[in-house]
Structure formats: structure tokens, C-alpha cells
Amino acid sequence: MSTDLMDKLVAAEAWTRADLLGLEHLSAEEITLILDTAEQLKTMTGGCAGKLDLLRGATIANLFFENSTRTRTSFSLAARRLGADTIDFSSSGSSLSKGETFIDTAKNIEAMNVDAIVVRHRTPGTPHLLAQNVECCVVNAGDGAHEHPTQGLLDIMTIREQRGQIEGLTVALVGDIAHSRTARSNIWGLQKLGAHVIVCGPSTLVSRHWEKLGVEVAYSLDAILPRCDVLNLLRIQFERQLMRPFPSVREYALLYAMNGERMTRAKKNILIMAPGPINRGAEITPEVADGPHSVILHQVTNGLAIRMAVLWLTYCAANTGAPS
């Protein structure tokens, strides 16, 4: 590891939060610091393929109370890339089934000399409650439909990497806005860095109340498509819905799926993104998902870099006495 790159990472002292609970309350400068650190770590590890010893001796616990593939694997791998040990906790088969509370479970895991807890839970605000009850770092890996800060950050990192900047771009979030924690984190982060954000989908999934956050609300993808620099295609989250918000998946795809025909009417350099898992034929067709405008797999790679940066920065803040 070069001394020059380590000197740049010392700028992590500017980060003062021992927890990452969301993007809503971060400043543009704080968001940029995470992005810059992620880019440096990506360079230092040769595209996140190599290992560093920045967190040697630290232990990261992953507490996931919802199913996850990308996020859980990414956090575990990010910790190992930094030299940390990991604990992977699953609620199934745990003492929660015996009546132990969520907080008691977390405190018992913390008592094993854990330095950080990465938590995903279906209830909004759970990471905030956890941070009030434990001394170690807490990182939000998704809390219900509230926020998914590292997903928002990796999306923003991918856009910045591909376009050089965020300011002045028009980014559309298309799909199940009502139930999307990814949408909320993207909105907070993108707007703070100067993007114009459009939320688009059926009226049953996109309320006019979103305008209170400063975003543009649209119900026709075809109407906004020529203006968009980036499309982030969100999954329809049937598991969070009490009733079907549209007659059929086929009808939804007809109105909102990004397909080859719509690509002919989009900007020539449009970026196609999706947080995953993607439902081919519903939100996006295979020729678009696998086409030259798709940066979906770049998002996955950048997710590893972002999570390395977040673990590193929060660990540094916690070990310099900084407030969370």
C-alpha cells in the first residue's frame, strides 16, 4: 500500500459520525467524502479485488432480519477486504424465537467485542433505535421502506464515475416508489449533490406528496424519457403491498418497463441502473439489462467499495471519540 494513498485516507479524520443511519441528515460534503473514500479504496484494492489491513483486529457483525443477497454478501466481503473478522447472524434459529428482544440480542452480540453492527430490519427506524442502545458503530443496511443509505451511495458513485459529476443531471427513479427505501436514499443524496430527481410510476405507487421532498412527480415514462440522463429502475415489491397496485405485471411492463424500443427514444448516453434483484420482462427487458447502457454490474462492484468506505469511516470516527 503506497504512503501517498494512506495519506489521502487520513482525510477520514474529517468524518465525525460513528454510525451511518441514513442520507437524509448528511451534508453534501459528508456524502462526497464517502464517495471519495470509496474511490480511493477501489483503487487501492485493484477494483475491490485485493485486501488491505485497515481493520485488522476489528469484528463486524451482520444482523439481517430480512432476506438479502447483494447487501449481506457485499458487507461481509467488504469487511474481509479490510482485514476484519465477521459474524453473520440470522434471525431464524436464534434466541429471538425463544422470546429474546431485538435489543437484548444486539447487546449480547456487542458483548462479544464487536466493533460494528450492520443491521437490516423490516421496521423503519430500527437502526436508529439500535444506535441508542449499543456503544459500537451501527450501519443501516435497510430499514423497512425508510432508507437504504449504502444502496443510495453506490448508485450515486456509479453515476459520478460514469458521468464525472452529479450536478445538473436529470435522474428518474421509476417503479415502486411507495415501498422503496432505495428511492428515499437516492432522493436525499442526489438532490444534495445538485441533481434534478423525477419519481415515476403508477399513481397507486407514486403519490403527489413526494413533491414535498423537492422531486418532480410523473406518471408517464414515455413523457419524461427524452429528458433523462439516468434511469434507475426499481423492483415492484409485492411482499410489502397489501393489495395489487395495478391489474397485471404485463400492463405494468407495457407502461414502465425499459425495453429496446424505448431505448431508441432515450438520450444516446443514457445510463440504465437497477438496485436488484431485477425482474426481467417486468421493470427491464434482457436486451436493455445486458446492453451497453446498463451499469447494473458496475453498481454491484461499487457497492463493495462504498461498504468498505462506510465501515472504515465509521470505525475511524468511533475510535477517535467522535460523536455519532
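1. Aromatic pairs. Three aromatic pairs are found in a search of the whole structure. Rings of Phe, Tyr and Trp (its six-membered ring) pair if their centres lie within 6.5 Å, with planes under 30 degrees apart counted as stacked, over 60 as edge-to-face and the rest as tilted. Phe-65 and Phe-102 are edge-to-face, because their ring centres are 5.3 Å apart and their planes stand at 70 degrees. This pair links distant parts of the chain, 37 residues apart: Phe-65 is in the loop between strand S1 (59-64) and helix H3 (70-81), and Phe-102 is in helix H4 (residues 102-110). Helices (H or I, at least four residues) and strands (E, at least two) are DSSP runs, numbered from the N terminus.

2. Basis of the model. This is a predicted model, in which local features need pLDDT of at least 70 and side-chain atom pairs count only at pLDDT 80 or more, while totals for chains, interfaces and linings use all residues. Residues are numbered from 1 along each chain as its sequence is written, and side-chain values use heavy atoms, with hydrogens and water left out.

3. Four-stranded sheet. Four strands in the order S2-S1-S3-S4 form an open sheet with parallel pairing; two strands pair if DSSP finds at least two bridges between them. Strand S2 (85-90) and strand S4 (137-143) are the edge strands, each pairing on one side only. From one strand to the next, the twist averages 15 degrees. Axes are lines fitted to C-alpha atoms, for helices over the stretch in contact, and angles run from 0 to 180 degrees between N-to-C directions. S1 and strand S3 (residues 116-121) run parallel and are joined by five bridges, and Ile-60 has Ala-116 in S3 as its bridge partner.

4. Five-stranded sheet. A further open sheet has five strands in the order S7-S6-S5-S8-S9, again with parallel pairing. Its edges are strand S7 (216-218) and strand S9 (271-273), each of which pairs on one side only. Here the twist averages 20 degrees from one strand to the next. Five bridges pair strand S5 (residues 170-174) with strand S6 (residues 196-200) in the parallel sense, and Val-171 stands opposite Val-197 in S6. Helix H6 (residues 149-163) lies across S5, strand S8 (230-233) and S9, running at about 160 degrees to S9; contact means heavy atoms within 4.5 Å.

5. Second largest pocket. This pocket has a volume of about 270 Å³. On a 1 Å grid over the protein atoms alone, a pocket is an open set of points with protein on both sides within 12 Å along at least five of seven lines, a cavity is a set where a 1.4 Å probe fits but cannot get out, and lining residues have an atom within 4 Å of a point. Of the 20 lining residues, Arg-70, Gln-299, Val-300, Thr-301 and Arg-307 are the closest to the pocket's centre. Helix H12 (296-318) gives the largest share of the lining, eight residues.

6. Cavity. The count comes to one cavity of 30 Å³ or more. The largest cavity holds about 40 Å³ of space, and its lining includes Leu-233, Arg-235, Pro-275 and Glu-283.

Conventions:
Grid points are joined across faces, edges and corners, and a volume is the space filled by probe spheres set on the points.
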